[in-house]
Amino acid sequence: MPGIRLSDDVKAVAPDVVAIRRDVHQHPEAGFKETRTADLIERRLAAIRVDAKRIAGTGILATIKGAKPGPTMLVRADIDGLPVTELNEVPYRSQVPGMMHACGHDGHVATALGAATVLAGRRDKLAGTIKFMFQPAEEGPGGAMPMIEAGILDKPKVDAAFAMHMWNDLAVGKIGARPGPVFASADEFTIKITGKGGHGAAPHQVIDPIVAAAHITLALQTIVSRKPHPLKSAVVTVGQIHGGVRHNIISDTATLNGTCRALEKPVRSMIQKEIRAIAKGVASGLGAWADVEWRDGYPPTVNDPEMTELVRAAAAQVVGEGNVVEQDITMGAEDMSYVLERTPGCYWLLGSANAKKGLDYPHHSARFDFDEESLPIGVQVWTKIAERFLKP
Ligand SMILES: [Zn+2]
Ligand SMILES: [Zn+2]
């Protein structure tokens, strides 16, 4: 691509990186079932004589030690696919019915392996250690925490952690990196409303949980519109309403189920408190009873300003300063957040869309695909980050 600066060793691995991506793409696997993918990663690492061991099921920790002593950095690549049936007509289309790499994690595996290959060949020039975290189950139930519990951040202690996502909201040739929060927390709530069932023609004899569910759903909308400071971000989405069995029966119960997103801890706990208060208050005003269950999901993903500056400088060497952008924050969530809660680091985005080639469908779409020209750029940025962080 014009304007992109790739070193000879990155150019040399580029065809293989594309081949790995296509291989992984054809064989997507669900969270903690990524055995073929893990085998492939291990085989590739063995071929370049990089130490690797399996941890937390299908996770892999690989280590490259530089020739000189120095700090330790972590490169994280998530490896799981999604339960989506691929609609792309491409030679490397998914061969697994109902499964697809619809988020681009196939690209994460390929670029991390490409970076491992290049960096293993440059051990002499590195002062310190690079740990690669090939992580299962990012799309759920979450593989980062089990890998942390298995000790990936210790021995040697990780001083800085980095993760990359292929990004179809950015054109190929652009890199996104911004300090502070980049992804939101994602928590789940379930509200069980109990009324008193009866005949659909006799509302005077019942307490209608469906009417209560409707009122609670509307009242929940005021959490985002009325509670946080107007410049703070929050999302409350009711994704499911269940209740009733027949048109002329008023049921005993109804259930709401939804997701909440926030970028900051105080907003996150405020949402939880408000959901409980509104559900219970509105239900009680209507004579019903609401029981609220809350499940903490991934916390917000927050970038360290200094490490973000390092990534931006590294990216500028590859794509030019003008193509390094502060992308929009998204209210999606990421379990790399658990790593970044424990060690400073940066989650950066690799522009991968190409509208001219029709490669700009959103992540998780059955037509998601990305421009493979982005892959060597990703490899090159990884090597530049390592060069800067492990400078002798
Ligand atoms: Zn995803
Ligand atoms: Zn993803």
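This is a predicted model: local features need pLDDT of at least 70, side-chain atom pairs count only at pLDDT 80 or more; totals for chains, interfaces and linings use all residues.

Cys-103 sits in the loop between strand E3 (68-78) and helix H3 (105-120), while His-165 belongs to strand E5 (residues 160-171), so the pair ties together parts that are 62 residues apart in sequence.

The donors of the zinc ion (ligand 2) are Cys-103 (SG), His-105 (NE2) and His-165 (NE2), at 2.1 to 2.4 Å. Along the chain these donors follow the spacing C-x1-H-x59-H. Are Cys-103 and His-165 buried or exposed? Buried means under 20% relative accessible area. Cys-103 has 8% relative accessibility and therefore counts as buried. His-165, at 4% relative accessibility, counts as buried too.

The next part to look at is a sheet. Here 4 strands form an open sheet in the order E10-E12-E8-E13, with antiparallel pairing. Strand E10 (234-243) and strand E13 (289-295) stand at the edges; each has a single partner strand, so one side of each is left without a neighbour in the sheet. From one strand to the next, the twist averages 20 degrees.

Within this sheet, strand E8 (residues 185-194) and strand E12 (residues 253-262) pair in the antiparallel sense over 10 bridges. Ala-186 stands opposite Arg-261 in E12. Helix H6 (residues 265-285) packs on the sheet, where it touches E8, E10, E12 and E13, and its direction makes about 160 degrees with that of E13. Helix H5 (residues 209-226) lies across E8, E10 and E12 and runs at about 170 degrees to E10.

Methods
Residues are numbered from 1 along each chain as its sequence is written. Chains are lettered from A and ligands numbered from 1 in the order in which they are written. Side-chain values use heavy atoms; hydrogens and water are left out. Donors are N, O and S atoms within 2.8 Å of the metal (3.2 Å for Na, K and Ca); water is not among the atoms, so sites may look incomplete. Helices (H or I, at least four residues) and strands (E, at least two) are DSSP runs, numbered from the N terminus. Buried means under 20% relative accessible area, exposed over 50%, partly exposed in between (1.4 Å probe, protein chains only). Two strands pair if DSSP finds at least two bridges between them. Axes are lines fitted to C-alpha atoms, for helices over the stretch in contact, and angles run from 0 to 180 degrees between N-to-C directions. Contact means heavy atoms within 4.5 Å.
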